[in-house]
Amino acid sequence: MAQIKPFKAIRPAKDKVAFVASRSYQEYPKKELNAELAFNPFSFLHIINPGYKFHKKVSGSERFQLVHNRYLEFLEEGILLKDTDANLYLYQIEKGNFRCCGLFCATSVGDYRADVIKKHENTLEQREKLFADYLDTVAFNAEPVLMTYQDNEAISKELDRQKKRTPEYFFTTKDRMTHRLWVISEKETVAKLTQEFDKVPSLYIADGHHRSASSNLLAAISEKRNPPTGKEAYNFFMSYLIPESEIRIYEFNRMVKDLNGLSKERFLIALDKFYRIENQGSILYKPTKKHHFGMYLDGQFYSLYLRKKVYNFTDPLSKLDTQILFKTILQPILGIKDLRTDKRIQYGYGKHNVIQMKDEIDKGSFSVGFSLVPITMEEIKDIADAGLVMPPKSTYIEPKLRSGITIYEL
């Protein structure tokens, strides 16, 4: 059963939260990042880009130590404040017709190890080690792991009750996203929510596989230094929990630089083994159902319908469209053996990505592109429950959470 725990969050001062909260620094184009650093002294980006203060690029252990120093400065200046009591934090984000509401809380490394917290992606050992070293030095975690749980009426009713109160934070960011945060401090409410989550059989990682794996590694390293009691902060990591119904899942499309030495005609003949192929002409085309792919090649769109009599469904992974594409086209025909490291393949996401994919291929940057329909939450759960992992870039999941709204101190 899922263990959640309240924690004493480090949070922005109420009058500065809109300035502190930032997107992941990797999402900022260089010009926008520099402008934010130049004109917003309160941005959390100053903490995670500490070299800006010295007009110098820093990396490795030097950067980690400077991140810790900038964090201390934000505390000393009152930009960030530490709660005196351990709380749960209800956080809602809304933009247009998209809304989600969930809990910031601490989740258990023990649950991660026991597979109560379930994964569906592989992680890279080098990245795990790097982020564990980062956490060990900076001594805080500002990027929660996004997890989902099966919709639960008792939890939803309690959260709806909390939302009737005036939020602690209520602000809108430049991307027109509205943010609200309620501090849940009443011991009875915290206990009730903790007990309800204790009845939840599993939590599913939606985004943050490397963050959770690194927290697990940090705990293993810390346990070797001193005999653990189980209450140490490193035995938990910050997560944001939302019901399954409130998550949004989008597809990643694939583009490949060449046809692996094949002519267009030989490539289409090779595809015919597994697919019924229909030329859709030059009009923009996207697939509409599972096991159905769109392809753009040499100025033409094609629909590819899987010949199910020649492809065997053996487990939940074998039914996944990204796996089918890999096993029938990318690996055997185009010669892509490692989807994580092969530089011949690139990925794109978003509702306009088919247009962008077409433009890149028309420019000659790539030879062929494939579009898919989004993977479902049920598919994610089936694969996680079976102990399997998806191919990389199988899902693009929202919400994408901001850094610096709540911070978990290690």
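**Ground rules**

The model is predicted: local features need pLDDT of at least 70, side-chain atom pairs count only at pLDDT 80 or more, and totals for chains, interfaces and linings use all residues. Residues are numbered from 1 along each chain as its sequence is written, and side-chain values use heavy atoms, with hydrogens and water left out.

**Stop 1: the whole chain**

Show the cartoon. The chain has 13 helices and 21 strands. These elements are DSSP runs numbered from the N terminus (helices: H or I, at least four residues; strands: E, at least two).

Next, the overall dimensions. The C-alpha trace spans about 70 × 50 × 45 Å along its principal axes.

The accessible surface comes to about 19700 Å², with 50% belonging to carbon and sulfur atoms. Areas come from the Shrake-Rupley method with a 1.4 Å probe; for residues, only the protein chains shown count as cover. Of the 410 residues, 53% count as buried. Buried means under 20% relative accessible area, exposed over 50%, and partly exposed in between (1.4 Å probe, protein chains only).

Now contacts, meaning heavy atoms within 4.5 Å. Among contacts with a separation of 6 or more, 76% come from residues 24 or more positions apart.

Colour by charge. The mean positions of the 62 positive and 53 negative charges are 3 Å apart. Lys and Arg count as positive and Asp and Glu as negative; His and the chain ends are not counted. Each charge is placed at NZ of Lys, CZ of Arg, CG of Asp or CD of Glu.

**Stop 2: helix α11**

Select residues 321–330. Helix α11 is mostly covered, with nine of its ten residues buried. The buried set includes Asp321, Gln323, Phe326 and Leu330.

**Stop 3: helix α6, Lys129 and Val138**

Select residues 125–138, the helix that holds Lys129. Lys129 is partly exposed, at 41% relative accessible area. Show its side chain: a polar contact of 2.8 Å joins Lys129 to the side chain of Asp133. A polar contact is a pair of N or O atoms within 3.5 Å; within protein, one must be able to donate a hydrogen and the other to accept it, and residues adjacent in sequence count only if both atoms are side-chain atoms. An α-helix has 3.6 residues a turn, so residues three or four places apart point the same way. For a distance check, pick Ile205: its C-alpha atom is 19 Å from that of Lys129.

Stay in α6 and move to Val138. Val138 counts as buried, at 0% relative accessibility. Beyond neighbours within four places in sequence, Val138 is in contact with Phe64, Val67 and His68. His68 is 70 residues away along the chain, yet the C-alpha atoms are separated by 4.4 Å.

**Stop 4: Gln162**

Go to helix α7, residues 153–163, and select Gln162. Gln162 is buried, at 2% relative accessible area. Its side chain makes a polar contact of 2.8 Å with that of Arg165. Leaving out residues up to four places away in sequence, Gln162 touches Leu90, Trp182, Ile184, Glu186 and Thr189.

**Stop 5: His210**

Finish in helix α9, residues 209–225, at His210. His210 is buried, with a relative accessible area of 15%. Which residues is His210 in contact with, leaving aside neighbours within four places in sequence? Select Asn122, Thr123, Leu124, Arg127, Glu128 and Phe131.
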